[in-house]
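Please read the following points alongside the coordinates. They cover selected contacts, helix packing, ring pairs and backbone angles.

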Amino acid sequence: MATLLHRLGRWCAQHRWTVIAAWAALLVIVAASALTFMKPLNNNISIPGSRFETVLNTLREEIPEASGTTGTVVFTSDAPFTEQQREAISGVVEDWNAMENVEAIDPFTSQDQLDGTAGDLADGRAELEQGAADLEDARAQLEDGRTQLADGEKQLEASREQLAQGKEQLEAGQAEIDAQAQQLDAGQADLDAQLAQLEQGVAAGVIPPQQEQAARAQIAAAQAQIDGGRQQLAAGQAELDASRTELEAGEAQLAEGEKQLEESRTQIADGEQQITDGEAELAEGREALAAGERMAELTDGMRVVNEAGTVAMTQVSVTGSEVAAITPEVAEQIQAIGDAIEADSGVQVDFSQEFSMDLNSIFGPSEAVGLAVAGIVLLVMLGSLVAAGLPILMAFVGVGIGVAGAMALSPVFEMQSITPVLALMLGLAVGIDYSLFLINRHRQQLRHGMGATESIALAVGTSGNAVTFAGLTVIIALAALTVTGMPFLGTMGLVAAATVALAVLVAITLTPAVLSLVGLRVLPKKAREALASGDDHETAEQDAREADTHRGWAAWVQRRPWLAILGVIAIVAALGYPTGQLRLGLPDSSSEPAGSTAYTTYDTIRSEFGAGATGAVLAVAELEEPVAEGETALLNAQADIAEDLAQIDGVLRVLPAGVSEDRDVLAFQIQPEGGPTETSTVALVDELDATLPQLGTEHGASIDITGQTVANIDISEQLADAMPIYLGVVVGLSLLLMLLVFRSIWIPLLATAGFLLSIVAAFGAVVAVYQLGHLSPVFGVNEAGPVISFLPILLIGILFGLAMDYQVFLVSAMREEHVHGKGARTAVVTGFNHSARVVTAAAIIMISVFGGFIWAHLTMVRPIGLGLAVGVLVDAFLVRMTLTPAVLSLLGEKAWWLPRWLDRILPDVDVEGAKLERSLGRGGAPSADQDLAEAPSR
């Protein structure tokens, strides 16, 4: 590898314009691609296949309106809202609803509905009571009708009997009259026969006159009797006819009575049906009222406008199946609509973090300050503006291509806002350091009279080899973040790893080309003049200082190894003691700067409506059977589940949040008692996880939870579970790499133990500042809270790579001295003296760069900056530059012991390039005078 890099360095130096042009072209192409293709970043963290993601997908499919990304807006007035202000706020809500895929609710309408619930229920009770009274009256009237019907039926039956008797009497009388008429007719016939006989006898002269007269008198008397009978019979018939007429009138009256009676029966039947329907409606009304009362009980105490009437809260949701987050364009439009009323109405409008976070700026003033400090350190160390500017320029090239390349790929890969910031942070730090190591080696060789081209090639073959190996450790550690199984973390690691890889490539290709271009101007003017005159006095003095084993920090540590070891352990213990209290979570708006619109929104909601209103939990119930048709059935089904959810410890209230079209999926909004990052909310989520399976069984449903609060807790728990595995991978990798580099048993163990000390110190500092609130004003921590959940894994991966960097650069110098024949203890001091100055500068630069991010505008980045700054500080100055020389001095020759069998099977990576230097013989290099002719004018 060293030989290959030596050739590469020489080629780049000899073809400097080709190399510079290639890198410049690549930078332009990537930057243009970023400007053309990049899409807005977001802070949505998704883990495919996770519990909260699965439930959220169900919600998106079944109840899309309840699954949008939601932010909160707060309207505040110094006095109770006027009618004009209410109308202005309602107009803003209408304008938001007019936007595509945006839904908002008028807070005053919602509050009026909440306030009117009690009145509506009272009106409903009154209506039910009146309905019950009316129904009772109807029952009484129906009972009277039944009584009247029964009386009518009795009267009608009596009339039927009378009519029947009348008919019988009429028929009997008619029969008697008919019989009498027959008798009279028979008597008339006998009388007519007697008169005929009399007439015949008279005519025949057989009846004498006297007898004739007597006979005629008898016949006349009989005829008179018959005529009298006929008169009586006619009178009887007249009476019968009159009775028949009365009977027919009675029958008509009876028929009319029966008709009226049937109509009464129909009316009574209708009344009975009306009463039955009324009873059903009354029962349904009572059931609906009971359901309404249950719902009112669930919403009791909920407010979206405070009681003073000076604060109103509304939620604005961005919905639609293709909308994954609130994009900056949508957020800006929503803010612009809201801000428009501030000047005219006197209403202050504040927006939650979802709307107000600037996700597109990755470099700010504080980061520039850190970079300026790095520039000052470079200038002091190198004594030349040209030399000091080169590492920064190289870092900018690598970072520019890395970050721009990541942004160009943002349409393909989902990226969080922190992803390019992390790449920027690491790219600047390692980019400056890696170029610095090469430049420092090149300058030292120039001072010793080596030609520029040969010096560049040798610097790339030696320090470049170490840079390549050190960069590889960082790349592997970052790329290993993919093993956590979390895409967002893997993307962060890969983007940062690619940027570090670019920093390495820039260091071993572009740096040699630019060094060839600047020639001896990489040295201070005084050094150039001394080199031209052949005066190597200053160089000899520096070599003497480096060779002095009785002076310097390493010599002091070597004389007091146990004191140094105990001192390091004591300092690390003091810094790391808070690590045991580490609590993971994702930041909410409480971590935003005081006075920011996001924090103002959070604090106002917390004080006016409860901390739980800032982070509700969504519960989704998938029912085995759909809810029956009807509003009351739905209300009861929702209330059944909601009431049980409300009984769980830590739940303030539960509100129905939606129902699917098929009525087989119900959504609920659970408001915790505490805020999203409070321990009580974490405990509530754990309690829900334990309770919901049994609760679902009781209600014939599968119930689970989702939402941003649940997502943050689930992600934090998964990251906490993944951290030991990842730490084990990194520790194992550390042991293997150090074994390859230093061909020693003890040095890998020491390197790994030191790395763990650095991690403990970094964790402790972050927990102390951001979780426990120590020195909050200094670090701009508004409110202490849990440590960002993915920070520990990031710190482990990044600090591992950086710790191995310093281990390689420091201890490889000691090994180089030992390989060249010096004793183990002497090699520790001389190797330290040889590399301490550049490592110190590199560490200060890295600390400055990381420290600049402690006050970054993205609050999520700040603890990462502090953790890395403290970690590098402890690792470079305490672990690598104090603990390591102390332990190596105690071990002596044992420090470089390696079993022979292991020595035979391990490849020789020759990180320090000692074999390359021996093969070149150093003395065979071109002289400075020969090579100066190739360099540009001084």
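1. Gln 188 is in contact with Gln 223, Ile 226 and Arg 230, leaving aside its neighbours within four places in sequence; contact means heavy atoms within 4.5 Å. Gln 188 is found in helix α5 and is buried, at a relative accessible area of 13%. Buried stands for under 20% relative accessible area, exposed for over 50% and partly exposed for in between, with a 1.4 Å probe and protein chains only.

2. On the basis of the note: this is a predicted model, in which local features need pLDDT of at least 70 and side-chain atom pairs count only at pLDDT 80 or more, while totals for chains, interfaces and linings use all residues. Residues are numbered from 1 along each chain as its sequence is written, and side-chain values use heavy atoms, with hydrogens and water left out. Helices (H or I, at least four residues) and strands (E, at least two) are DSSP runs numbered from the N terminus.

3. A search of the whole structure finds 6 aromatic pairs. Rings of Phe, Tyr and Trp (its six-membered ring) pair if their centres lie within 6.5 Å; planes under 30 degrees apart are stacked, over 60 edge-to-face and the rest tilted. The ring centres of Phe 81 and Phe 108 are 5.4 Å apart and the planes stand at 80°, so this pair is edge-to-face. Phe 81 sits in the loop between β1 (69-76) and α4 (83-97), and Phe 108 in helix α5 (residues 107-204); the pair links distant parts of the chain, 27 residues apart. Both Phe 81 and Phe 108 are buried.

4. Phe 755 and Phe 800 also form an edge-to-face pair, with 5.7 Å centre to centre and 75° between the planes. Phe 755 belongs to helix α22 (residues 746-771) and Phe 800 to helix α24, so the pair ties together parts 45 residues apart in sequence. Both of these residues, Phe 755 and Phe 800, are buried.

5. The axes of helix α21 (residues 708-742) and helix α24 (residues 791-819) come within 10 Å and cross at roughly 15°. Axes are lines fitted to C-alpha atoms, for helices over the stretch in contact, and angles run from 0 to 180 degrees between N-to-C directions. α21 and α24 are therefore roughly parallel to each other; the classes are under 35 degrees for roughly parallel, over 145 for roughly antiparallel, 65 to 115 for roughly perpendicular and oblique for the rest. The contact includes Leu 719, Tyr 726 and Leu 737 of α21, and Ile 793, Phe 800 and Arg 815 of α24. Its residues divide into 18 nonpolar, 4 polar and 1 charged. Here Ala, Val, Leu, Ile, Met, Phe, Trp, Tyr, Cys and Pro count as nonpolar, Asp, Glu, Lys and Arg as charged, and the others, Gly among them, as polar.

6. Helix α12 (residues 452-479) and helix α13 (residues 487-518) pack at about 175°, with axes 8 Å apart, and are therefore roughly antiparallel to each other. Among the residues that meet are Gly 464, Val 467 and Gly 471 in α12, and Ala 497, Val 500 and Ala 501 in α13. The contact of α12 with α13 has 17 nonpolar, 5 polar and no charged residues.

7. Asn 101 has a positive phi of about 65° although it is not a glycine; Asn 101 is in the loop between α4 and β2 (102-104) and counts as partly exposed at 34% relative accessibility. Arg 663, also a residue other than glycine, has a positive phi near 60°. Arg 663 lies in the loop between β7 (651-659) and β8 (665-672) and counts as buried at 15% relative accessibility.
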